[in-house]
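Me: Please go through this structure with me and set each label against the cut-off behind it.

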Amino acid sequence: MPHKLLPALDFTRHARWLQRSTGSEHALAVCDAGGAPCWSAPGHDGLADWLAHLNAGGFAWPCSGDGMQRHDSGDATLLYLQIKAKGQLIGHLAVRSAAGADGAPFAWDALAEALEDVAAAIGEECGVQGELDAMADELSDRYEELHLVYAIDRQVQDMTSGEDIFGSLLESWAEHMDADVAAFIKPGDNLCVSATNLSQPIHNLDLVLVEMRGDLYRFAHSSRQPIVMNDAGDPRRAYIFTDMPFKILCCPVFQDKSVVAILVLLNHAHKDDFSNSDRKLGEVLANHLSSLSRMHSMLAETSKFNQQMAAALIEAVEAKDPYTRGHSERVHHIAMEIGRALRLPARELDNLFWGSLLHDVGKIGIPDAVLCKPGRLTRDEFTFIMVHPERSYEILRHIDRLKGAVPGARHHQEKYDGTGYPHGLAGNDIPYNARIIAVADTYDSITSSRAYRAGRSHEVAMAEIARCAGTQLDPGVVATFEQVCRAEPGWIAAFGIAREQSSAPAACAA
């Protein structure tokens, strides 16, 4: 507002201009709209006190017409003129003058004209400065919105589908807005994600989140408008956040013109009020979260469909041989443990996820008589077995989503020394994920019961894997698997693998 700018201006140059215009120095002062002095000319001691004394005596700065006004006070006369900006009264120009013999100062007409020019210049300066400040505030708001949008887009681009995208964004927003709590509530999906940046503890946070899911969501759903509650006495607190003295900013999240979720910021009472700029930023983020929520739902549906398709393929394979039931899931779990221990990048870990889960899908084309044979395989029968990695490749290569997973499934039977199949790859020429799956596959093959033998113990399996390191298996992956087993000695029990001791030597699993 222009009146708030008045005390910040430099009036010295206006005083100099007034002196040049009238040819004499004046006891000039600038007062606000209420008459309180903001500035007085140097060398005129007591001017501000004199004006304050007039105000204290009940002087109300009356104005009749637009010109210079006069007020006689004892042996001095006050001449004053209103200062206006954009038609709004923002202050007064005041001159103290000793009364003349005839009760009128010398050359008051010239002084009145000069004061009008000075008042107009000050009013125009305040108006222009007010416009500039408003533009600066608007630009600052737009910059903050763009900064937030950029930060959101950058964060989303850096994320993978497996990450908690809502949690990460809320953490960033709570920090960006210096909010105690940021929450995303979507009751239709039973989703309640929150992040904290506490300035003081909130001991009943669970109860606060329950209130967000209840009356606050219902009110926002009905009003379809942002809700800002800063005052403890806000009448809406009778039915929203009763007895909870927090400041609240709540923005509805729309999808297809319906409110499906809310975005909430919450602060302790000692913090600053949520502003109109905060509300605008909240609406910006709510719009982005609407798109992200829709994308999240689509990804969740796609992920569910992918997992159901994978489960169907695995079920089809394992239905052929009941002794291998659960093999793919166990190999998958072990491979993922190794992959995480190796700190694989997120994309490679995702490829390992699908490659390990579907590594044996090619066995669906192996005749039951070969796959389920309880005795030793003939050369030709083993040739059928050797075909399954290529068959896995032929099945999976048509699915774009699984292109990165295909090498792991296709080459998990390669051996580190180059004597494996299907292509006789050796060492680092074998895809890394295939080398990880090979270790997991070998472990489960040794420890699982088959039609022709009982499963071996964990200790026997680990000894055999150590023996095969450098020939069949990548020694680096074997070392990591051994570290995983030492760090989590109880994880084997989760698979229900038999631990029967056997003194018979085990061959490296095919």
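**Labels and their cut-offs**

Reply: Ala76 counts as buried because its relative accessibility is 9%, and buried means under 20%. The model is a predicted one.

Me: Where does Ala76 lie, and which residues is Ala76 in contact with, apart from its neighbours within four places in sequence?

Reply: Ala76 lies in strand β4, residues 76-85. With neighbours within four places in sequence set aside, its contacts are Trp50, His71, Arg96 and Ser97. Ser97 is 21 residues from Ala76 in sequence, while the C-alpha to C-alpha distance is 5.6 Å.

Me: Why are α8 and α16 called roughly perpendicular?

Reply: Helix α8 (residues 327-341) and helix α16 (residues 475-487) pack at an angle of about 100 degrees. Angles of 65 to 115 degrees count as roughly perpendicular, and therefore the label applies to α8 and α16. Their axes are 9 Å apart.

Me: Which residues make that contact, and how many of each class are there?

Reply: From α8 come Ile334, Glu337, Ile338 and Ala341, and from α16 come Val477, Thr480, Phe481 and Val484. By class, the contact has six nonpolar residues, one polar and one charged.

Me: What makes a set of residues a nonpolar core, and which members of the largest one touch the most other members?

Reply: The members must be buried residues of the nonpolar kinds, joined through side-chain atoms within 4.5 Å. The largest nonpolar core has 24 residues, and those touching the most other members are Ile338, Leu352, Ile436, Val439, Tyr443, Leu473 and Phe481. Two or more residues each are given by α8, α9 (346-357), α14 (432-447), α15 (458-468) and α16. The largest share, seven residues, comes from α14.

Me: What is Leu473 in contact with, leaving aside its neighbours within four places in sequence?

Reply: Leu473 is in contact with Tyr416, Ala438, Val439, Thr442, Ile465, Cys468 and Val478.

Me: How do you know that Cys250 is in no disulfide?

Reply: The structure holds zero disulfides. For Cys250, the nearest cysteine sulfur is that of Cys251, 6.7 Å away.

Me: Are Cys250 and Cys251 buried or exposed?

Reply: Cys250 counts as buried at 0% relative accessibility, and Cys251 counts as buried at 1%. The cut-off for buried is under 20%.

Me: What is noted about the phi of Lys257 and of Arg343?

Reply: Most residues other than glycine have a negative phi. Lys257 is not a glycine, yet its phi is positive, about 70 degrees. Arg343, also not a glycine, has a positive phi of about 55 degrees. Lys257 lies in the loop between β9 (247-255) and β10 (258-267), and Arg343 is in the loop between α8 and α9.

Me: Why are Lys257 and Arg343 called exposed?

Reply: Exposed means over 50% relative accessible area. Lys257 has 71% and is therefore exposed, and Arg343 counts as exposed at 74%.

Me: Which peptide bond is cis, and where is Pro422 found?

Reply: The bond from Tyr421 to Pro422 is cis, with omega near 15 degrees. Pro422 is found in the loop between α13 (406-410) and α14. Most peptide bonds are trans.

Conventions. Residues numbered from 1 in each chain as written. Predicted model: local features only at pLDDT ≥ 70, side-chain atom pairs only at ≥ 80, totals over all residues. Heavy atoms only, no water. Axes fitted to C-alpha atoms, helices over the stretch in contact; angles between N-to-C directions. Parallel < 35°, antiparallel > 145°, perpendicular 65-115°, else oblique. Contact = heavy atoms within 4.5 Å. Nonpolar A, V, L, I, M, F, W, Y, C, P; charged D, E, K, R; others polar. Buried < 20%, exposed > 50% of the residue type's maximum accessible area, 1.4 Å probe, protein only. Disulfide = S-S within 2.5 Å.
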